[in-house]
Amino acid sequence: MADEWRQTTTGMANSSRTFSDVRNVILSAHKNSGAQDKVGFYDTWAENYEQDVALLDYRAPLLAAECVSSFFRGDREKATVLDVACGTGLVSAHLKKMGFRHFVGIDGSLKMLELAKKTGLYQQLSRCLLGQDEIPVKSETYDIVIIVGALSVGQVPLTVIRELWDATKPGGYVCMTTRGNTDNREYKAELEQMIRALEDEQKWSRITVVEVEEWEKAVSEQDSGYIPGAIYVYQKVFKCSP
């Protein structure tokens, strides 16, 4: 499997890549969901990643950033943002344009982290295999915790949701996204069940849930045109005085 990914993804980014190339890359990733295989996939995809997601018309990073920005009421220049599964830095790049300045990124792929470092966006970058390693941050540290693209079947297990909540300051925001296409519907339902469970426990409160019809171009034979996606923004509840 790793050899197949390398054949599909290796080589510096080039202008000759097509949507068909991108489709083949993504479908190859879906054939194996082992954590180490997945990291290997992203390591070999890193150089072409930004070009490929542009061909995919992948709108999640911008839409999620706009959603968080529209509800955030604090001092953007002082706010701390934890960018989980940060990849090459697309989400933080959008947030910086919206006035945010302090970013910490974590990702499982060293190659993605190398490219993220080159952007100069992040004060700190750490490698973390989500679902296997604990997120390497202190509890209640961040004004915004955001994870875009990683919450889907075969990617990050849902156990990470409580870690996202834990890393967030009381009154801070957690922003999560997922796809709504055919092969991700069960995962999406389980994600929403876990989100509601934390709400029932009064861990956080719902700010908004945005269902997006045109999330990215479909690559699976089960879907056509654009697939849908969803953005969830929740605010961590302040602790009650004893």
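Let's start with strands S1 and S2: S1 (residues 80-84) pairs with S2 (residues 102-107) in the parallel sense over five bridges. Pairing here asks for at least two DSSP bridges between two strands, and strands are DSSP E runs of at least two residues, helices H or I runs of at least four, numbered from the N terminus. Within this pair, Leu-82 stands opposite Val-104 in S2.

A quick word on what we're looking at: this is a predicted model, where local features need pLDDT of at least 70, side-chain atom pairs count only at pLDDT 80 or more, and totals for chains, interfaces and linings use all residues. Residues are numbered from 1 along each chain as its sequence is written, and side-chain values use heavy atoms, leaving out hydrogens and water.

Zooming out, the open sheet has seven strands in the order S3-S2-S1-S4-S5-S7-S6, with mixed pairing. S3 (122-127) and S6 (204-217) stand at the edges with a single partner strand each, so one side of each has no neighbour in the sheet.

Now, the helices. H4 (residues 60-71) and H5 (residues 90-97) pack at about 40 degrees, with axes 9 Å apart; axes are lines fitted to C-alpha atoms, for helices over the stretch in contact, and angles run from 0 to 180 degrees between N-to-C directions. H4 and H5 are therefore oblique to each other, as angles under 35 degrees count as roughly parallel, over 145 as roughly antiparallel, 65 to 115 as roughly perpendicular and the rest as oblique. Who makes the contact (heavy atoms within 4.5 Å)? On H4 we find Pro-61, Leu-62 and Ala-65, and on H5 Leu-90, Val-91, His-94 and Leu-95.

Last stop, helix H3 (residues 35-55): Phe-41 and Trp-45 both lie there, four residues apart, about one turn of the helix. Their rings form a tilted aromatic pair, 5.1 Å centre to centre with 40 degrees between the planes. For Phe, Tyr and Trp (its six-membered ring), pairing means centres within 6.5 Å; planes under 30 degrees apart are stacked, over 60 edge-to-face, and the rest tilted.

Definitions and conventions:
Contact means heavy atoms within 4.5 Å.
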